[in-house]
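The sequence and structure are shown first.

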Amino acid sequence: MTKQAIIVIGGGILSTYAIRRAKELSYHTICTDRDPACMGAKEADDFEQADVYSVNEQIVAALKLKARYGDALKGIFVGGIDAAHIAATVARVMGWPGV
């Protein structure tokens with residue numbers, strides 16, 4: 001995959017706006033959420049099931065996605081939910097710039 005990819009934590013209505021904007025910017029979008037039927041799962045290019053408030057589940061999801069997408073996976077975003085600390089921890093583990 002040559003297109004850059006980004007993880008968006010959360011599949012609620014506010015996250016769908018971020019997913020749409022990332023797609024407009026030509027990113028491959030990946031939504032992570034506990035609910036595979038969430039709005040973000042339908043909007044994003046890919047979905048990985050992980051509780052938005054679980055650091056461990058989000059780290060495991062990011063590692064799986066890194067194995068799948070390699071260096072095309074560039075970062076993580078969260079907005080509209082109180083999980084900035086989750087995204088920051090995942091970014092630190094993955095070696096990405098963080099909050």
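## Cysteines

The model is predicted. It holds zero disulfides. The sulfur of cysteine 31 has its closest cysteine sulfur in cysteine 38, at 4.2 Å; a disulfide requires the two sulfur atoms to lie within 2.5 Å, so this pair is too far apart for a bond. Both residues are buried: cysteine 31 has a relative accessible area of 0%, and cysteine 38 has 8%.

## Valine 52

Valine 52 sits in the loop between strand 3 (46-49) and helix 3 (55-69). Its relative accessible area is 9%, which makes valine 52 buried. Beyond its neighbours within four places in sequence, valine 52 contacts Ile9, Gly10, Thr32, Asp33, Gln58, Ile81, Ala83 and Ile86. Its C-alpha atom is 9.2 Å from that of aspartate 82, a residue 30 positions away along the chain.

## Salt bridges

The whole structure contains seven salt bridges. One of them pairs lysine 23 with aspartate 45, with 3.7 Å between the closest N and O atoms. This pair links distant parts of the chain, 22 residues apart: lysine 23 lies in helix 1 (residues 13-24), and aspartate 45 in the loop between helix 2 (39-43) and strand 3. Lysine 23 is partly exposed at 32%, as is aspartate 45 at 38%.

Glutamate 48 and arginine 68 form another salt bridge, at 2.8 Å between the closest N and O atoms. Here strand 3 is linked to helix 3, the two residues being 20 apart in the chain. Glutamate 48 is buried at 10% relative accessibility, whereas arginine 68 is partly exposed at 45%.

Aspartate 71 and lysine 66 also form a salt bridge, at 3.4 Å from N to O. Separately, salt bridges with shared partners join Asp46, Glu48, Lys64 and Arg68 into one network.

Technical notes
Residues are numbered from 1 along each chain as its sequence is written. This is a predicted model: local features need pLDDT of at least 70, side-chain atom pairs count only at pLDDT 80 or more; totals for chains, interfaces and linings use all residues. Side-chain values use heavy atoms; hydrogens and water are left out. Buried means under 20% relative accessible area, exposed over 50%, partly exposed in between (1.4 Å probe, protein chains only). Helices (H or I, at least four residues) and strands (E, at least two) are DSSP runs, numbered from the N terminus. Contact means heavy atoms within 4.5 Å. A salt bridge is a side-chain nitrogen of Lys or Arg within 4 Å of a carboxyl oxygen of Asp or Glu.
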